[in-house]
Each structure stands twice: as structure tokens, then as C-alpha cells.
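Please brief me on this structure. Keep it short and group the points by topic.

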Amino acid sequence: MYKIWMILLWLTILLVGCKSKEKPVENSGSESRFVIPEIAVIKETFSTLRNESDNVDSPAVWHGKDGQHWVLATAKESDIIIVYDAATGEKLKTFGKTGKALGELDRPNGIAVIDDYAIVVERDNHRIQVFSLPDLKPMGFFGEKELKLPYGLTVDFHDSKYQLFVTDNYEMPDESLPPADSLGHRVHHFSFSISSNQIEASHMNAFGATSGEGVLFKVESILMDREYNRLLIADEYEMQRNVKVYDLNGKYSGKTIPHQYFFYEPEGIVLWECTEDMSGYYVMTDQGKINNTFQVFDRKTLEYIGGFGGQITRNTDGLAITQKDFGPFKNGALYPVHDDGSLTAISWDDVAKALNTRKNCQ
């Protein structure tokens with residue numbers, strides 16, 4: 001009955017277009033308002049060739065020095081990384097194979113690109129593996145001693161090293177949710193450097209609230225925003241369905257983007273940013289098999305801007321973004337996963353027009 005009610009609610013939203021743009025409740029204990037977002041429907045620029053047996057999970061964008069524009073996507077059933085042309089959606093190549101050795105993968109899930117490196121979370125190898133771009137050479141891996149069931153990651157370069165945060169959705173032996181007082185290691189912080197084709201990594205700490213409103217029950221997607229000392233961490237647990245805001249030291253900030261904006265599950269999170277004035281937008285997925293929505297929030301204030309969906313895009317896990325001018329995308333694009341088997345591309349120009357947001361930082 002609940003699912004039927006939710007479907008009817010979303011059909012009403014699409015037909016009526018209710019225009020509520022209230023600021024999100026910042027304390028999850030005060031979620032008394034039910035905010036219905038306005039949903040714009042945007043036609044995708046392209047969709048890649050589908051193969052549901054790959055079970056595509058998460059994408060990341062890389063722009064090479066020699067004019068390459070790639071989207072790399074994890075295929076967690078095939079144990080490979082798929083490389084697409086980011087301008088056309090053409091499948092260019094794959095790399096990786098099932099196994100535990102260097103260059104092999106076991107259920108690759110989260111992926112991030114920084115500089116000329118692709119960083120892949122392997123859930124069932126309990127580790128993080130780094131590949132160089134564009135040669136796709138495996139550089140090494142780390143985290144296998146600390147991680148149990150890792151999923152999502154976020155990375156930047158700070159203090160002369162790469163700083164990486166990864167979620168760890170460890171479970172009880174019967175795969176049930178652990179009690180709150182044992183959830184103190186939901187996020188791990190690693191610091192690593194790469195020199196002479198070797199990786200040197202250190203486990204800095206692990207954290208997660210074990211009581212109160214900041215408990216991280218079911219985690220996957222995570223985004224770091226160093227300028228605002230934020231970690232945005234999606235909690236998919238059905239009794240939560242929100243995005244909790246931590247600081248980079250691992251403390252819950254007391255702020256939560258509440259479940260009113262996530263009727264299904266909060267998933268991929270990306271940042272559209274302007275570095276000069278620290279403005280921008282957070283785009284967060286509400287993963288639905290029927291009504292799949294991307295919710296947009298102001299970077300500075302966390303104020304709700306609006307929501308949009310693709311004409312065909314459904315059941316999105318991971319989400320990637322670029323602000324580069326290339327191919328058909330003058331001001332960049334979003335790349336959502338589409339229903340486990342492919343990616344789609346949505347022009348940022350189309351998003352900006354639909355939601356009346358900025359197209360670029362000028």
C-alpha cells in the first residue's frame with residue numbers, strides 16, 4: 001500500500017508541478033514538514049549501450065592532456081571498469097578481471113578520478129586500488145586490513161598528499177544491521193602518495209556517531225567539500241533516508257538534509273562548484289525505479305533549489321559531473337547510471353535552464 005501511495009504522489013507531482021523550495025530541516029529530529037519538490041523532466045543527450053549483466057554502479061570523468069574525454073564506470077558483476085567516450089557515449093575499452101592480484105577486481109563499486117589516476121573501491125576484496133591514466137596500469141592497493149565492506153569514496157589533494165574518505169557498510173554475520181553502538185567505523189580516512197610508481201598509504205582514522213542523530217546506519221555515497229569542512233554522507237536506511245553532514249575530522253555537524261527530499265534512497269552526490277566565491281550546487285540522487293530524481297541544493301546554505309529527472313534515466317546508483325567545455329557540452333554534463341546497465345548524459349545547460357541556476361562561474 002505504501003508503494004502504491006508513493007507512486008500516486010509522484011504522478012501528482014509530475015502533473016501539477018508544485019513549487020515548494022523550502023530550506024531543508026537541518027536537525028533530523030525536527031522533520032515535521034513534508035516538502036514536495038518541483039520536478040523538471042530533461043531529455044538526455046545520449047545513452048550508452050546497455051548490458052545489464054555488467055551491473056554498472058558508479059561513474060567518474062577524466063579529461064586527458066591529449067584531448068581525451070572519458071567516463072569510467074564500475075561493473076560490479078563483470079569485475080571490470082568500462083571506459084566510454086564522454087562526448088558521444090561510445091564504449092572505448094574495458095580493463096580489469098576477476099581476482100585478488102594487482103590489476104584484478106572483485107565487485108568494484110565506487111570510483112573517483114583525480115589528476116591522472118582512477119581510484120576504485122573493491123567491496124569484496126575489501127580494498128582500494130589505484131590505476132594510472134590513460135595507460136590503465138595498476139599502481140597498487142591499500143585498505144585491505146582496515147576495510148570490511150567498502151562502497152563509496154571521495155578524494156582530494158591536501159597537505160602534499162591525497163586525502164581519501166571511504167564508507168564501510170559492514171554488517172552482522174547474518175547480514176543484518178549492526179547495533180548503533182558498533183557503528184563507529186562507518187567512514188575511514190586514508191592519506192596516500194604516489195612516487196616512482198609506488199603507493200604509500202596511511203590509515204588516518206575511522207569514525208561514525210554511535211548515538212544520537214548523527215548515526216550512520218546504511219552508508220554508500222559520500223562527498224568531500226574541503227572549503228566548507230564538510231563530508232556529505234548518504235544514509236540509505238529506510239528509517240533514515242537522509243544525507244548527514246560531518247566535518248573532515250569525523251564529527252557530526254548537527255546538520256542533515258532530511259528524508260523529505262528522498263522518497264526512495266539517497267544515492268550519488270556530486271558538487272558543481274565555483275572556486276573564486278565558493279558558490280555552487282550539490283546534486284543528490286533520489287534512486288527510484290519509477291521516479292528517479294536529482295535534487296539540487298545550494299552549496300553555501302544547503303537551501304533546496306529544485307529537482308529534475310531524465311526522460312529515460314531510472315534507478316540511478318552513482319553519478320558523475322564535469323564542468324568542462326567539450327563535445328556537445330558547452331558547460332559540462334552529468335553522467336547518471338541508468339538502471340544497472342548503462343549511463344546517460346544530461347547537459348548542465350539543460351539543468352540550469354530548467355532550474356534557473358547558473359550555467360557557469362563567469
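This is a predicted model: local features need pLDDT of at least 70, side-chain atom pairs count only at pLDDT 80 or more; totals for chains, interfaces and linings use all residues.

Residues are numbered from 1 along each chain as its sequence is written, and side-chain values use heavy atoms, with hydrogens and water left out.

- Strand 16 spans residues 230-235, and six of its six residues are buried. Buried means under 20% relative accessible area, exposed over 50%, and partly exposed in between, with a 1.4 Å probe and protein chains only.
- Strands (E, at least two residues) and helices (H or I, at least four) are DSSP runs, numbered from the N terminus.
- Arg 230, Leu 232 and Ala 234 point one way from strand 16. Leu 231, Ile 233 and Asp 235 point the other way.
- Strand 15 (residues 219-225) pairs with strand 16 in the antiparallel sense, over five bridges. Two strands pair if DSSP finds at least two bridges between them.
- Met 224 stands opposite Leu 231 in strand 16.
- Four residues lie between strand 15 and strand 16 in their hairpin. Asn 229 in that turn has a positive phi of about 50 degrees.
- Strand 17 (residues 242-246) also pairs with strand 16 in the antiparallel sense, over five bridges. Ile 233 stands opposite Lys 244 in strand 17.
- The hairpin of strand 16 and strand 17 has six residues between the strands. Its turn holds Arg 241, with a positive phi of about 50 degrees.

- Strand 8 (residues 117-122) has six of six residues buried, so it is largely enclosed by the rest of the structure.
- Tyr 117, Ile 119 and Val 121 point one way from strand 8, and Ala 118, Val 120 and Glu 122 the other way.
- Strand 7 (residues 108-114) and strand 8 pair in the antiparallel sense over five bridges. Pro 108 stands opposite Glu 122 in strand 8.
- Two residues separate strand 7 from strand 8 in a hairpin. Asp 115 in the turn has a positive phi of about 50 degrees.
- Strand 9 (residues 127-132) runs antiparallel to strand 8, joined by six bridges. Tyr 117 stands opposite Ser 132 in strand 9.
- Strand 8 and strand 9 form a hairpin with four residues between them. His 126 in this turn has a positive phi of about 55 degrees.

**Arg 186**

- Arg 186 is found in the loop between strand 12 (161-168) and strand 13 (187-195).
- Arg 186 is buried but has no salt bridge. A salt bridge is a side-chain nitrogen of Lys or Arg within 4 Å of a carboxyl oxygen of Asp or Glu.
- The nearest side chain of opposite charge is Asp 168, 5.8 Å away. Lys and Arg count as positive and Asp and Glu as negative; His and the chain ends are not counted.
- The side chain of Arg 186 reaches the backbone oxygen of Tyr 170 at 2.9 Å.
- Not counting residues up to four places away in sequence, Arg 186 touches residues including Asp 168, Tyr 170, Leu 177, Phe 207 and Phe 217 (contact means heavy atoms within 4.5 Å).

**Aromatic pairs**

- Rings of Phe, Tyr and Trp (its six-membered ring) pair if their centres lie within 6.5 Å; planes under 30 degrees apart count as stacked, over 60 as edge-to-face and the rest as tilted. By this rule the count comes to 22 aromatic pairs.
- The ring centres of Phe 46 and Phe 329 are 6.3 Å apart and the planes are at 55 degrees, so this pair is tilted.
- That pair links distant parts of the chain, 283 residues apart. Phe 46 is in strand 2 (residues 46-47), and Phe 329 is in the loop between strand 23 (319-322) and strand 24 (333-338).
- Both Phe 46 and Phe 329 are buried.
- Trp 272 and Tyr 281 have ring centres 5.3 Å apart and planes at 35 degrees, so this pair is tilted.
- Trp 272 counts as buried at 1% relative accessibility. Tyr 281 is buried, with a relative accessible area of 10%.
- Ring pairs also link Tyr 117, Phe 142, Phe 157, Tyr 162, Phe 190 and Phe 192 into a cluster.

- An open sheet of four strands has the order 2-25-24-23, with antiparallel pairing.
- Strand 2 and strand 23 stand at the edges with a single partner strand each, so one side of each is left without a neighbour in the sheet.
- Strand 24 and strand 25 (residues 342-347) run antiparallel, joined by four bridges. Leu 334 stands opposite Ile 346 in strand 25.

Conventions:
A polar contact is a pair of N or O atoms within 3.5 Å; within protein, one must be able to donate a hydrogen and the other to accept it, and residues adjacent in sequence count only if both atoms are side-chain atoms.
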